[in-house]
Amino acid sequence: MEEFITLSPNPREKSVMPFTRYFGVFNPTDLAIIQKVFNQLCEERRLAQKDRDEREALAAEVVRVFQYGITAEGDLWQSVSRRRKAKDVITP
């Protein structure tokens with residue numbers, strides 16, 4: 001089962017996570033890429049639905065890297081994946 005991240009422009013809301021791209025809004029294609037990579041990483045790390053804190057931290061990391069400019073699906077996954085090589089690590 002896929003988990004969907006609820007996004008909100010209001011960073012004070014605790015029930016949702018605030019995400020914007022370049023001070024704008026993510027378009028549906030951006031969200032699809034972020035969601036797909038997030039789901040792949042959750043599977044890779046074996047994060048269950050109950051691992052809320054870990055999943056939220058992972059979602060924030062995926063979005064941060066995406067906002068940094070790594071927007072291609074494969075590159076985004078590789079940047080956040082624990083399977084990446086040390087030389088491939090991106091530190092925004």
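Predicted model: local features only at pLDDT ≥ 70, side-chain atom pairs only at ≥ 80, totals over all residues.

Me: How many helices and strands does the protein chain have, and which pattern do they follow?

Reply: Helices (H or I, at least four residues) and strands (E, at least two) are DSSP runs, numbered from the N terminus. Here the protein chain has three helices and two strands, and along the sequence they follow the pattern β-β-α-α-α.

Me: How is burial judged, and what share of the residues is buried?

Reply: A residue is buried under 20% relative accessible area, exposed over 50% and partly exposed in between, with a 1.4 Å probe and protein chains only. In this protein chain of 92 residues, 35% are buried.

Me: What share of the contacts joins residues at least 24 apart?

Reply: A contact means heavy atoms within 4.5 Å. Among contacts between residues at least 6 apart in sequence, 53% join residues at least 24 apart.

Me: Where is Arg46 found, and is Arg46 buried or exposed?

Reply: Arg46 is found in the loop between α1 (28-45) and α2 (52-68). Its phi is near 55 degrees, a positive value in a residue other than glycine. Arg46 counts as exposed because its relative accessibility is 75%.

Me: How many salt bridges does the structure hold, and which residues form them?

Reply: A salt bridge is a side-chain nitrogen of Lys or Arg within 4 Å of a carboxyl oxygen of Asp or Glu. The structure holds two salt bridges. In one of them, the side chains of Glu73 and Lys36 meet at 3.4 Å, N to O. This pair links distant parts of the chain, since Glu73 lies in helix α3 (residues 73-80) and Lys36 in helix α1, 37 residues apart. Glu73 is partly exposed at 28% relative accessibility, and Lys36 is partly exposed with a relative accessible area of 44%.

Glu56 also forms a salt bridge, with Arg52, and their closest N and O atoms are 2.9 Å apart. These two residues are four apart in helix α2, so about one helical turn separates Glu56 from Arg52. Glu56 is partly exposed at 29% relative accessibility, as is Arg52 at 48%.

Me: How should I read the crossing of α2 and α3?

Reply: Axes are lines fitted to C-alpha atoms, for helices over the stretch in contact, and angles run from 0 to 180 degrees between N-to-C directions. Angles under 35 degrees count as roughly parallel, over 145 as roughly antiparallel, 65 to 115 as roughly perpendicular and the rest as oblique. The axes of α2 and α3 come within 10 Å and cross at roughly 125 degrees, so α2 is oblique to α3. The contact involves Leu58, Glu61, Val62, Val65 and Phe66 of α2, together with Leu76, Ser79 and Val80 of α3.

Me: At what angle do the axes of α1 and α3 cross, and which residues meet?

Reply: The axes of α1 and α3 come within 10 Å and cross at roughly 40 degrees, which means that α1 is oblique to α3. Ile33, Lys36, Val37, Gln40, Leu41, Glu44 and Arg45 in α1 meet Glu73, Leu76, Trp77 and Val80 in α3.

Technical notes: Residues numbered from 1 in each chain as written. Heavy atoms only, no water.
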